[in-house]
Amino acid sequence: MMKLSRQFTVFGSAIFCVVVFSLYLMLDHLQLDHTKSPNGGDRLQNGQLSILQDKIDRLERLLAENNEIIANIRDSVINLKESVKDGRGGPDSGNMSQGPYPDLLVSPPLVLPIDSQDCQFAARQFSKPADGVQLLDVYDLLTFDNPDGGVWKQGFDITYQENEWDSEPLQVYLVPHSHNDPGWLKTFDDYYRDQTQHILNNMVVKLNEDSRRKMIWSEISYFAKWWDNIDNQKRDAVKSLVERGQLEITTGGWVMPDEANSHYFALIDQLLEGHQWLEKNLGVKPQTGWAVDPFGHSPTQAYLLKQAGLANMLIQRVHYSIKKHFASQKTLEFFWRQNWDPASSTDMLCHMMPFYSYDVPHTCGPDPKVCCQFDFKRLPGGRVSCPWRIPPQPITDVNVQQRVQMLLDQYRKKSKLFRTKVLMVPLGDDFRYTEALEWDQQFQNYQKLFDYMNSHPELHVKAQFGTISDYFGALRKSAMDPGHASLSLPVVSGDFFTYADRDDHYWSGYFTSRPFYKRLDRILESHLRGAEILFSLALANIQRAGKPNGFPSVESYRLLTEARRNLGLFQHHDAIAGTGKELVVIDYGTRLFHSILNLKQVMVNSAHWLILKDKNAYSHNPSKAFLQMFKTFVLPKCFSSRSVVIYNPTEQDRMSVVTVYVNTPHVRVDTSHSHPIPAQVSAVWDDATTASTELSFVVQVPALGLGVYHLSKAEEGGAETAQYLFLRQGGELSLSVKHFTVNNPQDDTTPVSIHNPHLQVWSSATTGLMERLKLKEDGSEHRIKVEFAWYGTTSSRDKSGAYLFLPDGEAKMYSPAQSPVIRVTKGSVFSEITTTFDHVTHTLRLYNVQGVDGQAVEICNSVDIRGEFNREIAMRLTSDLDSKDRFFTDLNGFQIQPRRTMAKLPLQANFYPMTSMAYLQDSGTRMTLLSAQSLGSASLKSGQLEVIMDRRLNQDDNRGLGQGVLDNKVTSNSFRLLLEKRAKTDNEAALILHRKGFDCALSNRNTGLLCATTQGKIRTEKLFSNLRLGSIAAVSLTLMHQTEGGSSQEEISLKPMEISTFRVQLT
């Protein structure tokens, strides 16, 4: 029987998990003659498993192409299998990680060989396209004032001439939609029961009543649940609606995801889950993205949609000043290009809705008072009315002309904000069309309006119901350049954060709200990656062996699918954002937690199959698992050992520190070849001064590999014991610690220091907080001061809430009521400084290992603000870097976005989402904060970086939630602080070439020239005899614009008299 130890998540430049398996073998168990499960031969043929056949075939081909990686795994598994087969007391005679690591602690090369071409991406500056807009430049340009724009409060007055559409009529596409949040004020299941299922049921009936009616739908999580509960007749009706173009599935993701906090792994997962469901059940391939409710928009989502095969997208929640500027410049329809794309390969056609909201009053035109009169759900007698107190009127033969003139006036004014005469008008809101009556009210009244418009050519308008792709199809035709194959629309690069909907109401609070669940999201994400890889390898191995023997393939696949869907559901823009009701948040958290437990079981089952050589000996017994998970190792008194299997699901070889709980400090750790490895026994602190025992040791595991280590009791020659120093100014300490050396000097004010081979950290003896950091590589020291600070909320009527961050001014420094307890740990594997404040337990840790783990300072803050009133707590890093007003944050863990702190904006506007990292830099140094969870971050002063770690707010912020944020939990925020020296890049030069025009009728004898003509062609490698061109890129004459030609030209070709400029890197 085997046991499984603690699993934990490690993060760095990419998220990965190391799953710790505890295995120990019993000889009598291995000697049993296991029989095959009677149903085992049939399991692979049942249920969902049949759909895996093609995927397995593709996986086999992929594995065959990746022989090097798979060879490592296969050899590792064979070694362990041999030990099991031979009965040599467990897996101690074959270390799965032995291949690349004959000596466990041999360091990898200090400097990896990197081709200079691979560095050009990072070296390239973000710049706007020659024909486009860079949003950083727009922020510089705008004043961000908010003058009264008249009926369009946040815009301007719009006028037009009656004859503007005489030559080309206005095309209007009215797009009915219903925005269904998969959880917000109600849980996902409650919304489905009370509203969503009725919307979809009515959709089938009402769209079939008139072929001119259209509808779009986005959230596949709801659609899939509904599909499972309808009969085949209704399913066929849905398919007919899709085929006729009456129903369009937009985006096709499991949810409409948040674009600030979601990691791109999870964004892809939810998109993949939705698209695969659509392909299997409807045969639909979405063409257009629809994102009306995420609170700001990321170019990462545009890129992912582009890569998924979509051609168009729509966005809504953009800062009102940006909307006004885009409207004035007629750039609301544009190609969204990635910052890092020098050409146009990432261009995504995007429509930005111009007005305040996606509801009917704010979509037909600039005047909501008029537009509300054309939301026929608000007819007198209903439950919803118009706030402007002018109700809609049913359309009759008597009033149709007058109502058409009113509506057409709005359509024409709205169309003046765009470059073409194609207009898209949404018709919907949250959970609309629940009742059959609303379908009749909207569609019948609008059809009367459209019939009148279309039957009167003097109005020069063609109006109809349409899908969003109907609109984009017409837009592409109308915007096509005459005689060209491209659209005459602008190009925009950058992101649309941070969103403000009015005044100084910036939605930067949700970057941090409910951080406990943001952390849980990332843990599930890493577990899912690990489980999927192990399961895929096990399944491929089973197919090769041809003997499933009861392996729980169907159940494991079900659990994986459920986990993907729960992770996908949590990417919803009111889930990971932390903006749902408390009962809804609990529902999300329960789903995440159960999926983590289920994924552990999938990993256990998959690893069980992989480690066995004799597949006939395999037997799956859920009640008596071959592998089990344990948090604590109980080491026996006899000489037998416990074996730990470490699994690395990442694409990189890893050297990391693994920590497990043990019941004794007298323990040693050996490789499978019985070579001892560095290990450290430390105290597990139940509070500031009492402890039990844990074991930490260094492991090396190849990419996608498994490694075996053995734990045994050792009275001598075992793991080194950590030493402790306790400090507390002006207070006595009562210590209760066994087995460890503890010092408790009184009133020592000397700075506390810890170090490893790469770094040395000095912390205050009064607070335990870092003050200085030294890089041992070059001996440079930097001032990096860690502090904590409080933000309050404004005293005005509108206050901070789940969405909004409205502080009462600059942060006030955290000042504890009593002196903190400082605990210094020094050991052979890691050293750390832990400070226990009233609201934060703060730990700085250095690992004594090679690689990135040893080059960063690990920071862990356990935050508890449950007793506070309207407060937010931040961690601030103040350095001596001269970063000025510039800093950088990541977008979705996928790309980096430059930021600029602007004095003209309020403090809360200068906070941005930090999905996984933020950094600031000067000419010589970069300071990066890597984060294990999404949080809000800012750089309010030069050299300063801060993150909001938790928020407790006692009131609603009037954005619909109806409650504050009072369900705080003790939350562990984890970070890595990395200080790096920047390489000088002053070897860039401008190469200007001129091909002269020669008169060949004259003699060329004795000219003294030592070169011949080359027909204008030059081989770049022959330009300089003693220097090599690292890169060469064609640019405009003065280097301001990138031109065609790429960055790796082997040959330059010039026409006679042509002058060309190239940006070159000389090495």
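Colleague: Which residue of strand 25 does Tyr724 stand opposite?

Modeller: In this predicted model, Tyr724 stands opposite Val742 in strand 25.

Colleague: How should I read the pairing of strand 24 and strand 25?

Modeller: Start with the general idea: strands of a sheet pair through backbone hydrogen bonds, and the pairing is either parallel or antiparallel. Here strand 24, residues 723–727, pairs with strand 25 in the parallel sense, over three bridges.

Colleague: In what order do the strands of this open sheet run?

Modeller: The order is 25-24-31-32-33-34-43-40-39-36-37, which makes 11 strands, with mixed pairing. Strand 25 (741–743) and strand 37 (895–900) stand at the edges; each has a single partner strand, so one side of each has no neighbour in the sheet. On average, neighbouring strands are turned by 20° against each other, direction ignored.

Colleague: Take Thr835. Where does Thr835 lie, and is the residue buried or exposed?

Modeller: Thr835 belongs to strand 32, residues 830–836. A residue counts as buried when its relative accessible area is under 20%. Thr835 has 0% relative accessibility, so it is buried.

Colleague: What does the side chain of Thr835 reach?

Modeller: The Thr835 side chain reaches the backbone oxygen of Thr767 at 3.0 Å. Apart from neighbours within four places in sequence, the contacts of Thr835 include Gly768, Leu769, Pro820, Ile822 and His842.

Colleague: Now the cysteines. How many disulfides are there?

Modeller: The rule is that two cysteine sulfur atoms must lie within 2.5 Å. By this rule there are two disulfides. One joins Cys364 to Cys371, with 1.9 Å from S to S. The other joins Cys372 to Cys386, at 2.1 Å from S to S.

Colleague: Where in the chain are Cys372 and Cys386?

Modeller: Cys372 and Cys386 are 14 residues apart, and each is in the loop between helix 13 (368–371) and helix 14 (400–415).

Colleague: What is the handedness of each link?

Modeller: The angle about the S-S bond is -90° for Cys364 and Cys371, a left-handed link. For Cys372 and Cys386 the angle is -105°, and that link is left-handed as well. With bonded cysteines counted along the chain, the pattern is 1-2, 3-4.

Colleague: What about Cys350 and Cys860: buried or partly exposed?

Modeller: Cys350, at 1% relative accessibility, counts as buried. Cys860 has a relative accessible area of 24%, so it is partly exposed.

Key. Residues are numbered from 1 along each chain as its sequence is written. This is a predicted model: local features need pLDDT of at least 70, side-chain atom pairs count only at pLDDT 80 or more; totals for chains, interfaces and linings use all residues. Side-chain values use heavy atoms; hydrogens and water are left out. Helices (H or I, at least four residues) and strands (E, at least two) are DSSP runs, numbered from the N terminus. Buried means under 20% relative accessible area, exposed over 50%, partly exposed in between (1.4 Å probe, protein chains only). A polar contact is a pair of N or O atoms within 3.5 Å; within protein, one must be able to donate a hydrogen and the other to accept it, and residues adjacent in sequence count only if both atoms are side-chain atoms. Contact means heavy atoms within 4.5 Å. Two strands pair if DSSP finds at least two bridges between them. Axes are lines fitted to C-alpha atoms, for helices over the stretch in contact, and angles run from 0 to 180 degrees between N-to-C directions.
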